[in-house]
Amino acid sequence: MLIKHPVLERIADGTVTLAFRRWKRPTVKTGGQLRTAVGILAIDAVTVINVNEITEKEAQKAGYSSCSELLQTLAKNGEGEVYRISFHFAGRDPREVLREQINLTDDELAEVHRKLTQLDLKSQDGSWTMTVLRLIKQHPGLRATELATSADLNPQVLKVKVRKLKEIGLTESIARGGYRLSPRGCEILNRLDST
């Protein structure tokens, strides 16, 4: 479910709590979560509705100035049923919080090292985690295609690998493209390289 950034900001401050989409099948489900640029949305309900049921108040809770503006947007979105999605802002992305955690204990460092080892063992490419972390450290801001050339990897394969490192809080994407190590990633790489 794509949401424009100005609407995301209003979701984060609690003024937008609904969305309406025309889908052949829903891309979110009740009880699920959705990662966004501002944090995590908790999906409270996903309901098929008739467009005539949408009220002015609901349109405003979805970030529209009027019901007619919302209906015009839905009319442009092709085929499928209309869904009302209610949600609430559930907080910051846990990966973002994790990236900022530094001054790890020896046990915390050992746990991250175990996770990196597992990623290496599961890979058909062999050990790659430390290589990719070092590469990003040496070339912060490089895009996947440029980094992939340095690592002799397919760019799509590299993107998947970087996402796995992002899941454990070691890397982050830069707004203009490319990657860098998070503060946590820098600490972990430095400590593992010095052992």
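## Aromatic pair

Rings of Phe, Tyr and Trp (for Trp, its six-membered ring) pair if their centres lie within 6.5 Å; planes under 30 degrees apart count as stacked, over 60 as edge-to-face and the rest as tilted. The structure, a predicted model, holds 1 aromatic pair. The ring centres of W23 and Y83 lie 5.5 Å apart and the planes meet at 45 degrees, so the pair is tilted. It links distant parts of the chain, with W23 in strand β1 (residues 18–23) and Y83 in strand β4 (residues 81–91), 60 residues apart. Helices (H or I, at least four residues) and strands (E, at least two) are DSSP runs, numbered from the N terminus. W23 and Y83 are both buried, where buried means under 20% relative accessible area, exposed over 50% and partly exposed in between (1.4 Å probe, protein chains only).

## Basis of the values

Residues are numbered from 1 along each chain as its sequence is written, and side-chain values use heavy atoms, with hydrogens and water left out. Because this is a predicted model, local features need pLDDT of at least 70 and side-chain atom pairs count only at pLDDT 80 or more, while totals for chains, interfaces and linings use all residues.

## Nonpolar cores

A nonpolar core is a set of buried Ala, Val, Leu, Ile, Met, Phe, Trp, Tyr and Cys residues joined through side-chain atoms within 4.5 Å. The largest has 23 residues, and L116, L133 and L170 have the most contacts inside it. Two or more residues come from each of α5, α6, α7, α8, β6 and α9 (183–193). α6 gives the most, with 5 residues.

L170 touches V112, L116, L133, L165, R180, L181, S182, R184, G185 and I188, not counting residues up to four places away in sequence; contact means heavy atoms within 4.5 Å. In soluble globular proteins, nonpolar side chains tend to be buried together.

## Helix α8

Helix α8 (residues 155–167) has 13 residues and reaches 18 Å from its first C-alpha to its last, close to the 18 Å expected at 1.5 Å a residue. The expected span is 1.5 Å times one less than the number of residues. The buried residues of α8 are L158, K161, V162, L165 and K166. They cover an arc of only 145 degrees around the axis, which puts them on the same side of α8; the arc is that of the directions from the helix axis to the C-beta atoms. Their cover includes α4 (94–99), α5 (106–122), α6 (129–138), α7 (144–151), β5 (171–173) and β6 (179–181).

N154 caps the N-terminal end of α8, with a side-chain oxygen 2.6 Å from the backbone nitrogen of Q156. After α8 comes G169, whose phi is positive, near 80 degrees. Within the helix, K166 is buried at a relative accessible area of 14%. K166 touches R95, T171, E172 and S173, leaving out residues up to four places away in sequence. Between K166 and Y179 there are 9.9 Å in space, C-alpha to C-alpha, and the two are 13 residues apart in sequence.

In α3 (67–76), the residues C67, L70 and L74 are buried. They cover an arc of only 65 degrees around the axis, which puts them on the same side of α3. Q72, A75 and K76, on the other side of α3, are exposed. The buried residues of α3 pack against β1, α2 and β4. Just after α3, G78 takes a positive phi of about 75 degrees.

S66 lies in the loop between α2 and α3 and counts as buried at 18% relative accessibility. Its side chain makes a polar contact with the side chain of S68 (3.1 Å). A polar atom of the S66 side chain also lies 3.2 Å from the backbone nitrogen of E69. A polar contact is a pair of N or O atoms within 3.5 Å; within protein, one must be able to donate a hydrogen and the other to accept it, and residues adjacent in sequence count only if both atoms are side-chain atoms. Leaving aside neighbours within four places in sequence, S66 is in contact with E56 and A59.

## Loop between β3 and α2

E53 is found in the loop between β3 (39–49) and α2 (56–61). At 44% relative accessibility, E53 counts as partly exposed. E53 touches E58 and R84, not counting residues up to four places away in sequence.
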